[in-house]
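Trainee: I would like a close look at one part of this model. Please take me through it slowly.

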Amino acid sequence: MTTLTAATRTKVLQRQGAAVALILMVTVSWLVFPRFGSLDNLRDLALQGSFLAVIALGMTFVIITGGIDLSVGSLYALGGVLAAWGSQYGFLAALTLPLAVCGAIGLINGLLIARTNMAPFIVTLASLLFARGLLLAITDEGATTYQIAPDSAFVELGRGTVFGFGYPIFIAAALCALGGVVLNRTNFGQNVFATGGAEQSAVLMGVPVARTKIGVYTASGTLAGLAGALTAAYLQSGVTVIGVGTELDAISVVVIGGTLLTGGMGTVLGTVIGVGLIKVIQNVINQIGTLDSNYQSVVSGVFLLIVVVLQRMLRR
Amino acid sequence: MTLTATRTRWLQDNGVYVAVGVLLLFNALFTANFLTLGNFTTQLVQAAPVLIVALGMALVIGTEGVDLSVGAVMALAAAVIPLYLGAGPLPAILMALVAGLAVGAFNGFLVARVGIQPIVATLALLVGGRGLALVIANGQLVQLHDPAFLALGTDDVLGIPISVLIAGLLALMVAALTNRTTFGRQLVAIGGNRRAATLAGLPVTGVLVGVYTICGVLAAISGVLATSRLAASDPADMGLLMELSAITAVVVGGTPLTGGKVRVLGTVMGVVLMQLVRATLIKHDLPDSIAQMIQAAIIIAAVYVARERR
Amino acid sequence: MPTDPVIEVAGVTKTFAGVRALDDVDFTLNRGEIHALVGENGAGKSTLIKVLTGIHSPDSGQIRRTGRISTIYQEVNLVPLMSVAANLFLGREPRNRLGLIDRARRDAEAAELLRGYGITADVRSPLGTLAVGEQQMVALARAVEADADVVIMDEPTSSLEPREVETLLEVVRKLHEAGIAIIYVSHRMDELYRICDTVTVLRDGRSVHSGPLRELPRIELVSLMLGRSVNEIRKHGTTAFGEDHHADTQPVLEALDLTSKPRINGVNVAIRPGEVVGLAGLLGSGRTETAKAIIGALPLDHGTVLVAGKPVPHNVRAATRAGISMLAEDRKTEGIIPNLSVRENIVLAALPRLGRFGVISRAKQDRIVDTFVRRLRIKVSSPEQKVAELSGGNQQKVLLARWLCSEPRILLLDEPTRGIDVGAKAEVQALIDELAKEGLAVLLISSELDELLDGADRLVVLRDGEVAGELEGAQLSREHVLAAIAAEVMDDADSH
């Protein structure tokens, strides 16, 4: 019975640890900083978080299979540039072009990882470089920034609001809800868990491991492209310099949200909470003003460390 | 079957040398002003910091690990230098190296003692380390004026720039460490078969902590040299994405990510190859975009060839 | 006896890298039968199972299968982090109208189903939180629910507590009643005799006996499993061991009350300098575990290891420093470092003594390596050859050399002659003899009875993780050992 209580403790700490931290952070911030609780600030917070949440959603699936996707930062930037370039041909082009191209790169990642047994780390590192190169190639080495006509329907996708809350927030929320259902209530989701939990056993249990891996990397690439498109719509241009290190932010929030980096266990809700936590910390540090914004990454790093050490301790 | 196996094996072992040879030949024939002393010096000076980091990375990868924090360590070293430069260049350099040593030892502790996967343990420091460097430096770029310190980046001995000399010396030292010392052989054995190494009574924890510490110190040395050459402490950009360049060079140089083997000369050649690729593309006015895509292709090709070892 | 075969194998041969894992094997499994498949390590059981399930295709011979086969492996092959119910139904989950997994129904059905297997744990908790026995039961349930006609169980009880074994055997009986044919691989005599109808004994890749189990006396079965390999008998006896070694000094190694449940329980072993003590017993009786406990590689519930009367801390480093060395059974995963050369593999454990300030002296190394290569007659093109390229026998000699050059006082040898050719085998045996004469204390583990009888001065017989007897002098005979191994089995049979 000791194993059970230990497991329950692990579950509580892993599943709820980030949530408890988030609630604490929000409560304290609300009390200490009058501006924090303002509707404007909360709307902004949610909007900023929604782009990262879309990327982190894909990363959650990848990490649960025991893999990692370093290419999402570059794909995020590439998606934005493609959307801005495509917007001259209309709404549909602006949306489908980034999804198709980034999805295709994700698919190639998946094929290389699943079919040739190369390490996910190195394959996606190569596509990080490749996607950045592609971005530079279509922007005259970064010299051209494609603008999106302010009155186009595509801009509405990024800037439109409901009760002041931006469309991207709803898109991210819908996708995360869908992701949760796919993960927990479909065969594909079960295969994702089995692949990451014990790959050899999964093969013996008849799980299509290769297909599952190809699926998650394709999804991760597509979602990164979508996040880029939404960001471009919001900024009304395809900014070329974003996304550097975004893959690390995505990995961090997934891990902080309680998903095991070794695979086999994780939740979409945890990732969403992880995004919230990082964004609130960022927001608060900005509010303090006297504090250097560089503390953000220090705090993220420390959080990450605590979570990983705790996970390790509790698994013993 | 065996013929292909032999050929694959040969390619794994010598591919990087062939590639460097081909690129040199190509440039000698088709690139204007390539075969000049000045050009070679420039190329080597540019490659030196990556090489120093890659040497440490090769050791870590030899133990079946990886160190993502090297770029952050370079930034930390850069941030520390102006704090102590008032006391003279030596204390400043020393403190920078201590910072690298501390981060490396901490990584080693997390990996060997706590038992966290290397990729995760060092990720935390990659995220937090650069932030810490920026906090230390108040997010500022600081111009440096100490002539003795700047000499590190500008002077040369018998025509060889100091940074290149240091990189070369360190490469020799790491080669000797790997091949001629107890520590080096234990490191390779642990990477090759950890269970057997444990059963043979090897000090697994100690060696792992040592390897990550060496990697941290080497990254700090690289940060010091790069800072001196820049004549400024720039923690925001110092060593950005260095972890990726270093891993690339090591892997392209024929050290397998699965551990159990450290190829020091291969790593040197891996760094030279990536530098040559970049230089060739620039000299032929090929844009950065193409350069990055070609680098991606080289990485995939190198790993694909190496993958059949087993 | 019913003759309605669901699996028929005729004349199957399978060769791996020149070694015959299966040699002209016949095997028949009838509907509704529980068939025991027994044999020591390397006898060919797992190869046969893999041929039956289609993972390997045989080089020659015929296989006829009718019906679905499910296999339950010794190591539970499920996903520990997923819930019990998810594991049970992975791939065939009940769906709701939207085509989504109906978790409530899945969990309810899983709970209902598992109750029949005696499991009442929460099916929503991760599988890994269950006891190993319960996990094994879930694997069994999964296999059975997949509508299998044949269930192959590979050592299903090896890591179970007695109570869990009872439940498992109960389930096996139920399957039997439902008409499912079972291949039961185990080394536990009492289990075999309680549930199995027929038995096939494999040895050295051949089927040496097949027939009704009850008509076969236990001592005979053990003898069939351990029997001397016909092709290895030499002029004087069967092995290359010499005379007994005489030692009447104090023991250099004393292992007291070694316990690591459920594998070993209160094992005591003492070895004097110059003495070879053999560990006898069937596979799974705790032989390897005892050696691992002595070297500090197996976490202990309790127990002490004394070297020359002084307690040794329970870790490999300390044990090595105290002069204990262990030649592990699995050369590949626990012995050789494949990427390194023969020279480096040999000097690995002795490295710190071979240099000054951590810098290795190549000359010293070469001298040592040269000595051992010649003394052990290791066949290499050069000491710089990669160890992975050597034959099994030469790899084993390299490992022996590794331990010898670290100058141990106590040498633990786990199956030192397994999987190596006849010539190398004799050489290794002669070497063990020589080492003991030089004053080394040797613990010898072997599945070959003749090797133990000839090589050891004294035998400690293990059964189910406990010492079942100690034999020396005139008692060192085949009959005595077999009796000791089979003894309690007979007592057991009486009490049932």
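How many residues does the contact take from chain A and from chain B?

Mentor: First, the ground rules. This is a predicted model: local features need pLDDT of at least 70, side-chain atom pairs count only at pLDDT 80 or more, and totals for chains, interfaces and linings use all residues. Residues are numbered from 1 along each chain as its sequence is written, while chains are lettered from A and ligands numbered from 1 in the order in which they are written.

Now the contact. Chain A gives 36 residues and chain B gives 36 residues. Two residues are in contact if their C-beta atoms, placed from the backbone, lie within 7 Å. On chain A, helix 5 (120-138), helix 11 (246-256) and helix 13 (295-315) each supply at least two residues of the side that touches chain B. Helices here are DSSP runs (H or I, at least four residues), numbered from the N terminus. By class, that side of chain A has 21 nonpolar, 11 polar and four charged residues. Nonpolar means Ala, Val, Leu, Ile, Met, Phe, Trp, Tyr, Cys and Pro; charged means Asp, Glu, Lys and Arg; the others, Gly among them, are polar.

Within chain A, look at one helix pair. Helix 3 (residues 72-86) and helix 10 (residues 209-235) of chain A pack at an angle of about 50°, with their axes 7 Å apart. Axes are lines fitted to C-alpha atoms over the stretch in contact, and angles run from 0 to 180 degrees between N-to-C directions. Residues making this contact include L75(A) and Y76(A) of helix 3 of chain A, and A224(A) and L226(A) of helix 10 of chain A. By class, the contact of these two helices has 13 nonpolar, seven polar and no charged residues.
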